[in-house]
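Here's a quick walk through this model, meant to be read with the viewer open. Have a look at the sequence and the fold first, and then we'll go through some details.

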Amino acid sequence: MNDLLTMREVSVTYRTESGEVPAVRDVSLEVGRGEIVGIAGESGCGKSTLASTVLRLQPASATVTGEVLFEGNDVLTMGWGDLRVLRWAGASIVFQGALHSLNPVRRVGQQIAEPISVHEPTASARDLADRTAGLLEQVGLPASRARAYPHQLSGGQKQRVMIAMALACRPRLIVADEPTTALDVMVQAQVLDVLSGLVRELGVGMLMISHDLSVLADLCDRIVVMYGGRVVEEGPSREVFARALHPYAGALSAAFPRVGDPAARFAPAGLPGDPPDPAALPPGCSFAPRCARVVEECHHVRPELRTYDAGRRAACLRVGA
Ligand SMILES: Nc1ncnc2c1ncn2[C@@H]1O[C@H](COP(=O)(O)OP(=O)(O)OP(=O)(O)O)[C@@H](O)[C@H]1O
């Protein structure tokens, strides 16, 4: 077992008016200290739902089974006191759409200092100001920006502030859910550089979610590819990107020329059709209806996730065929 984050057979089902939506099914993965693990997949494959369980942030309509072990303690069953310590100080999350989650009427410095003052109530005003200035400098902003209001910052600067907030309580794990999707390509690259540089420098683990496999290939040690709520491939990122075992991972890699194109999350280049409705997955392999390598058997037999050489896993009947 890994000593930072170990998820074992995690499944998440939402209760909705039209029935149950099994958004995540039997996902197991690990993130070690100082390691960056990417989760890739199109919109709706369950990435955000899975990420929300790491800090037990899933909505009340969701039922989660399995184990989410953070430093050996199960997040899904821990008491509220432990959960309070875990959030921000153990692990923190940079959300998709974080640009809108800053409070418009408070200076950004106050917002960065807030989680610190909650977790360290004895910190003096001087300490908070120094820590905030240091955090802003770490993310490449002048300390003087602490006095700015969010509307005075560009999109990229706001996202840097969100990263500073996520680092404020010195967490051991950061979950980043599409942290740069709303930014233009140049700014995306700069912000990802800052984030990954800090994660490496501080030895923090990171679970980074993106629909864009090429972004993950550059940043991550390992990549987990999800489809229809399940893991369909996992392995060292360069291997998965360059020599995917699963045809879905291959199609995501081939979408590479469309890096930074927000539309690519809905329809990667060269991959016709839509991802499946998790409430109505086809029998057999859920990717079969879109797969270029499909054979009759794929429509009836659901492939198990098998282990291959060099720590690779894939769930496809056609690997090596
Ligand atoms: N609160 C909810 N109630 C019901 N169903 C939900 C809820 N949140 C997500 N879902 C459904 O669960 C499935 C997985 O959604 P999820 O947001 O985890 O996917 P995703 O891969 O992160 O996509 P995106 O990148 O668009 O966020 C989708 O079918 C979605 O409609």
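In the hairpin of β9 and β10, which residue takes a positive phi? That's Gly-228, with a phi near 55 degrees, in a hairpin that has two residues between the strands.

A few ground rules before going on. Residues are numbered from 1 along each chain, as its sequence is written. The model is predicted, so to be counted here local features need pLDDT of at least 70 and side-chain atom pairs pLDDT 80 or more, while totals for chains, interfaces and linings use all residues.

**The chain as a whole**

The protein chain has nine helices and 12 strands; these are DSSP runs numbered from the N terminus, H or I of at least four residues for helices and E of at least two for strands. Its C-alpha trace spans about 70 × 45 × 40 Å along the principal axes. For 321 residues, a compact globule would have a radius of gyration near 20 Å, and the chain agrees with its 20 Å (taken over C-alpha atoms; the globule rule is 2.2 Å times the number of residues to the power 0.38). Of the 321 residues, 45% count as buried. Buried is when 20 or more other C-beta atoms lie within 10 Å of a residue's own, exposed is 12 or fewer, and partly exposed is in between, with C-beta atoms placed from the backbone.

**Around β10**

Strand β10 (residues 230-236) is mostly covered, with six of its seven residues buried.

Elsewhere, four strands form an open sheet in the order β2-β1-β4-β5, with antiparallel pairing. Its edge strands are β2 and β5 (73-74), each pairing on one side only. Helix α1 packs on this sheet, touching β1, β2 and β4, and its direction makes about 115 degrees with that of β1. Touching means contact, with C-beta atoms placed from the backbone within 7 Å; the angle runs from 0 to 180 degrees between N-to-C directions of lines fitted to C-alpha atoms, for helices over the stretch in contact. Strand β4 (residues 62-70) is joined to β5 by two bridges, and Phe-70 has Asn-73 as its bridge partner in β5.

**The ligand shell**

Parts of that region turn up again around the ligand: β1 (5-16), β2 (19-31) and α1 (47-54) each supply at least two residues of the shell. The largest share, three residues, comes from α1. Of the 16 residues around the ligand, Tyr-14, Ala-23, Ser-43, Ser-48 and Thr-49 come nearest (a residue is near if its C-beta atom, placed from the backbone, lies within 6 Å). The shell divides into six nonpolar, nine polar and one charged; nonpolar covers Ala, Val, Leu, Ile, Met, Phe, Trp, Tyr, Cys and Pro, charged covers Asp, Glu, Lys and Arg, and the others, Gly among them, are polar.

Most residues other than glycine have a negative phi. Asp-26 is not a glycine, yet its phi is positive at about 50 degrees. Asp-26 is found in strand β2 and is partly exposed, with 15 other C-beta atoms within 10 Å. Arg-170 also has a positive phi, near 50 degrees, and sits in the loop between α5 (155-167) and β7 (173-177). Arg-170 counts as partly exposed, with 14 C-beta neighbours inside 10 Å.

Conventions. Pairing = 2+ DSSP bridges. Contact = placed C-beta atoms within 7 Å.
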